[in-house]
Amino acid sequence: MSTDIWVWISSILSLCIFSFLWKDSLAYRMAQNIFLGIGAGHGLAIAFRSLRNSLFYPLFYEKRLTLIIPLILVVLLYTKLIPKLEYLSRISLAFPIGLGAGIILRSTISGQLFPQVAATLLPLNSINNIIIVVGTFCVTYYFLFTIKPRRNTQPISKIGIYLMMVTFGLSFATSVAANTAIYLGFLQNIFGTWLGIIK
Amino acid sequence: MFKAETSLTLVVFLGLVTISIYLISKGKKGYLPYVRPIAAVESLEEAVGRAAEMGRPVHFAPGSGELDSEYASQTIAGLQILAEVARLCARYDVELIVTLWKSVSVPICQEVVRQSYLEEGKIDAYTPEIVRFLSDDQMAYTANAMGLIQQREVASNILIGPFYMESLMLAEAAHQVGSIQIAGTARMYQLPFFVAACDYTLLGEEMYAAGSYIGKDAIRLASIQAIDWAKIVFLAVIILGAVLETAGVSIIGDFIKAYGN
């Protein structure tokens with residue numbers, strides 16, 4: 001049996017979390033609140049460090065005056081606490097949304113759309129290639145929302161949805177296999193490192 | 001500076017903008033395109049109605065709530081659906097619980113929910129505490145959201161947005177208390193979990209269409225139609241390209257690789 005206090009803490013807390021599989025118990029709630037407290041404390045520390053290293057230090061010591069803009073945005077965010085000035089907080093919120101949208105616009109076309117199209121331009125000379133081309137066509141067809149479904153085109157959507165379900169099944173099985181390895185690691189930790197029953 | 005290798009990206013972008021502007025201008029004149037019904041959207045009222053009958057809350061999570069990354073569009077789609085869920089909750093006097101793990105989206109969610117309560121004439125029932133920021137740590141959030149779902153025995157669990165590994169955990173917690181579950185994400189790795197665990201699932205782009213479908217807003221519907229037109233063009237390119245490749249001509253693929261960076 002381990003004599004390391006941290007092994008004991010991590011093992012007991014892990015078992016508390018696993019008790020959720022039985023029901024929402026006192027043990028689970030205790031672990032949940034410890035987790036929340038540690039998460040909040042850690043988050044706060046990271047946020048302060050980020051503000052210090054990325055904003056205050058470069059702005060006040062390195063005199064990078066352009067950082068006044070994010071500082072103003074941060075201050076404006078807190079106007080939400082003053083009902084009369086609440087509308088000013090929307091400026092801060094609009095900034096990351098606009099920035100995100102702008103970045104996505106280009107990367108979606110050049111990073112996702114074109115590679116997908118290029119990868120589908122295959123000679124129809126093998127079963128694999130036919131499945132890829134026909135599959136891409138049928139799945140994309142399923143996602144056409146403004147075309148009224150007709151009896152003769154419905155099979156295309158049906159093939160699309162079946163192909164997606166097969167893909168989801170494979171993806172699910174892969175995830176289960178990967179998580180089984182993690183679970184075995186957990187058992188190794190409990191019965192090996194902590195209790196010393198297995199080696 | 002203009003780079004020749006990005007010219008195709010620019011052309012496609014301008015083409016999409018042009019189609020969108022054309023269809024939006026048509027929409028402003030009153031044209032509403034047909035949009036096929038989406039089962040998960042149709043079931044939102046059923047989910048909130050069930051919560052009203054049982055006297056239990058509705059839980060909504062807009063995923064990670066990211067607004068400054070490639071997943072921002074998923075968050076925005078989730079917020080559009082949150083607006084409808086909040087509207088229904090206000091209408092039927094059902095308690096709504098919104099949980100988040102990205103602090104930046106808290107004020108936006110609060111604004112969305114507040115607006116919905118205002119539109120339903122139930123602004124007195126709105127409190128900022130409807131939207132709960134649980135933790136910035138993903139797993140701390142998940143543990144708490146699971147506990148909340150179980151402790152409050154939520155009648156309906158609606159998970160729409162960009163989700164990570166918390167997807168199945170939240171869905172399983174709600175399944176244990178017998179919640180009706182509606183989920184949606186465009187994150188390929190998480191979709192199988194939602195399909196397996198939830199009653200209704202919005203698959204990928206259905207989530208974006210759902211937001212437009214709910215409001216029947218002409219401009220949003222026009223954007224869905226514009227994307228459909230673009231898809232039809234690219235389907236034609238794929239078919240034509242595949243036929244040419246079969247004939248030994250790889251002109252389209254080479255062109256995309258040369259100018260689509």
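Buried residues make up 49% of the 261 residues in chain B, where buried means that 20 or more other C-beta atoms lie within 10 Å of a residue's own, exposed means 12 or fewer, and partly exposed is in between, with C-beta atoms placed from the backbone. This is a predicted model, in which local features need pLDDT of at least 70, side-chain atom pairs count only at pLDDT 80 or more, and totals for chains, interfaces and linings use all residues. Residues are numbered from 1 along each chain as its sequence is written, while chains are lettered from A and ligands numbered from 1 in the order in which they are written.

**Chain B as a whole**

- Chain B has 11 helices and six strands; helices (H or I, at least four residues) and strands (E, at least two) are DSSP runs, numbered from the N terminus.
- The C-alpha trace of chain B spans about 65 × 40 × 35 Å along its principal axes.
- Of the contacts in chain B with a separation of 6 or more, 70% are between residues 24 or more positions apart; two residues are in contact if their C-beta atoms, placed from the backbone, lie within 7 Å.

**Domains**

- Chain B is assigned domain 1 (4–32 + 216–259) and domain 2 (39–215), with bounds that come from an automatic or database domain assignment.
- The centres of domain 1 and domain 2 of chain B, taken over C-alpha atoms, are separated by 32 Å.
- Six residues of domain 1 of chain B are in contact with four residues of domain 2 of chain B.
- On the domain 1 side of that contact in chain B there are two nonpolar, one polar and three charged residues. Here Ala, Val, Leu, Ile, Met, Phe, Trp, Tyr, Cys and Pro count as nonpolar, Asp, Glu, Lys and Arg as charged, and the others, Gly among them, as polar.
- Chain A is assigned domain 1 (1–63), domain 2 (78–119) and domain 3 (122–192), and the C-alpha centres of its domain 2 and domain 3 lie 30 Å apart.

**The sheet of chain B and the helices on it**

- Follow the strands of chain B in the order β3-β2-β1-β4-β5-β6 and you trace an open sheet of six strands with parallel pairing; two strands pair if DSSP finds at least two bridges between them.
- At the edges stand β3 (131–133) and β6 (200–203) of chain B, each with a single partner strand, so one side of each is left without a neighbour in the sheet.
- Neighbouring strands of this sheet are turned by 15 degrees against each other on average, direction ignored. Axes are lines fitted to C-alpha atoms, for helices over the stretch in contact, and angles run from 0 to 180 degrees between N-to-C directions.
- Strands β1 (residues 58–61) and β4 (residues 156–160) of chain B pair in the parallel sense over four bridges, and B:Val58 stands opposite B:Ser156 in β4(B).
- Helix α3(B) packs on the sheet and touches β1, β4 and β5 (180–185) of chain B, its direction making about 145 degrees with that of β4(B).
- Helix α7 (residues 166–176) of chain B also packs on the sheet, touching β1, β4 and β5 of chain B, and its direction makes about 170 degrees with that of β5(B).

- The axes of α3 (residues 44–54) and α4 of chain B come within 10 Å and cross at roughly 40 degrees.
- On α3(B), the contact is made by B:Leu44, B:Glu45 and B:Val48, and on α4(B) by B:Glu84, B:Val85, B:Leu88 and B:Cys89.
- By class, this contact of α3(B) with α4(B) has five nonpolar, no polar and two charged residues.

**Residues to look up**

- B:Pro57 lies in the loop between α3 and β1 of chain B, and this residue is buried, with 22 other C-beta atoms within 10 Å.
- B:Pro57 and B:Glu95 are 38 residues apart along the chain, yet their C-alpha atoms are separated by 4.7 Å.
- B:Glu153, in the loop between α6 and β4 of chain B, has a positive phi of about 45 degrees although it is not a glycine.
- B:Glu153 counts as partly exposed, with 15 C-beta neighbours inside 10 Å.

**Where the chains meet**

- 54 residues of chain B are in contact with 50 residues of chain A.
- The largest share of the side of chain B that touches chain A, 13 residues, comes from α10(B).
- That side of chain B has 30 nonpolar, 14 polar and 10 charged residues.
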